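My notes are below the model.

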Amino acid sequence: MGVYTFQLEKFHIDNTRALHNDTDTVTFGLKIGNQQFSPLFKGMGDVNNGDHSVGLEFSPVIINPSTEVVLSYIIVNSGFPGSHEGDLHTVLDTLSDASEKVANAVYPLGPVWPIVNKIVHALNILIVADCDGPVAGDRIPGPTSTDQIPANTLTGAHLDTLISGAGGTFRLTRFYPGTDSATGCGSNSKYNVTWSVNSLPAQDNWKWCNKCQVLAYGDPGPCAAGGIHDHTGSGNYTLVHDSPIAFSSGTLGQNNWKWCNKCQALAFGDSGPCPAGGTHDHTNSWNYTLAHDSPNVLGQDNWRWCNKCQVLAYGDPGPCAAGGIHDHTGSGNYILSHTEIG
Ligand SMILES: [Zn+2]
Ligand SMILES: [Zn+2]
Ligand SMILES: [Zn+2]
């Protein structure tokens with residue numbers, strides 16, 4: 001099991017498809033095992049030659065070593081009137097379909113880009129003006145081993161090898177030569193697209209207590225509801241730790257969450273009342289990072305901080321070690337990853 005961040009970082013234009021600016025929309029897709037995530041989109045507006053930061057990211061993604069990973073991306077020059085909501089939705093729906101087709105298509109040996117180009121062209125609703133068309137696109141892995149990516153199958157174990165060989169972040173830039181556009185659109189486009197993957201230090205075996213609602217580690221510890229925590233019905237949650245870069249791109253991450261070695265709960269900051277008596281003891285804890293208040297983070301939300309006992313607890317307030325029930329006033333909406341995919 002590993003936790004990964006996939007990012008479509010940027011593209012570089014050596015030559016636009018249209019005579020002057022292209023009007024680009026980017027889509028980034030990810031499939032883990034049989035689970036196809038909803039593709040991410042970014043409208044780039046009018047772009048000319050040079051570097052263009054994209055920053056679309058899937059994070060955190062939990063992947064088992066044997067599970068297959070498929071990445072896909074498409075950049076389309078489609079000069080629809082951006083102010084027109086209906087057109088925008090049509091383009092995004094169509095790109096979403098294209099992204100799924102690209103992820104699931106079977107390819108002959110060789111580069112994938114010409115086939116992606118054909119797939120997107122077949123969805124001709126995108127091509128509203130003469131110079132419109134796809135300018136870059138790919139499916140990783142492809143049918144041929146290239147750029148250290150194995151042919152056909154890319155697994156979590158392969159990702160670990162790529163990332164460790166690259167010293168922490170595996171980054172790949174590929175060149176996409178343009179295809180012929182209509183007369184008057186200028187010369188063929190030249191795009192370079194860069195994506196990356198890195199792994200985050202993470203720990204699973206965190207569970208929800210159905211009595212006091214807290215997130216606690218391993219074997220049940222003392223519970224504010226009396227007796228010990230009851231983890232019946234809980235998923236297996238995974239936390240990222242000691243990773244200042246976690247959730248960095250456009251997503252809020254918060255450090256300074258710690259494990260209490262007395263009650264096993266995750267609690268914020270230095271201390272707080274502990275159901276085991278006295279205050280939480282964070283000796284030997286890692287520094288955990290939680291994501292909060294972002295639609296871009298994959299996982300389960302509605303986890304809250306209690307301002308009385310400092311723990312992280314789910315949903316409606318449960319019994320609190322400080323007396324009464326947890327008070328979630330002032331808390332963010334935290335998001336936890338709890339499914340090992342594949
Ligand atoms: Zn409990
Ligand atoms: Zn405690
Ligand atoms: Zn509390």
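**Ground rules.** I am working with a predicted model, where local features need pLDDT of at least 70 and side-chain atom pairs count only at pLDDT 80 or more, while totals for chains, interfaces and linings use all residues. I count residues from 1 along each chain as its sequence is written, and chains are lettered from A and ligands numbered from 1 in the order in which they are written.

**Sheet.** I took helices (H or I, at least four residues) and strands (E, at least two) as DSSP runs, numbered from the N terminus. I call two strands paired if DSSP finds at least two bridges between them. In which order do the strands of the open sheet run? I read β5-β1-β9-β8, 4 strands with antiparallel pairing. At the edges I find β5 and β8 (169–177), each pairing on one side only. From one strand to the next, the twist averages 15°; axes here are lines fitted to C-alpha atoms, for helices over the stretch in contact, and angles run from 0 to 180 degrees between N-to-C directions.

I then checked what lies on the sheet: α3 packs there and touches β1, β5, β8 and β9. I count a contact when two C-beta atoms, placed from the backbone, lie within 7 Å. The direction of α3 makes about 100° with that of β9.

Next I looked at β1 (residues 2–15) against β9 (residues 190–200): they run antiparallel and 11 bridges join them. As one pair, I noted V3 with its bridge partner L200 in β9.

**Cis peptide bonds.** Most peptide bonds are trans, so I went looking for exceptions. S59 and P60 are joined by a cis bond with omega about -15°, and P60 sits in strand β5 (residues 50–63). P141 is in the loop between β7 (133–140) and α3 (156–165).

**Positive phi.** Most residues other than glycine have a negative phi. N152 has phi near 70° and lies in the loop between β7 and α3. N205 has a phi of about 75°, and I place N205 in strand β10 (residues 202–208).

N152 is partly exposed because it has 13 C-beta neighbours inside 10 Å. N205 has 11, so I put it down as exposed.

Conventions. A residue is buried if 20 or more other C-beta atoms lie within 10 Å of its own, exposed if 12 or fewer, and partly exposed in between; C-beta atoms are placed from the backbone.
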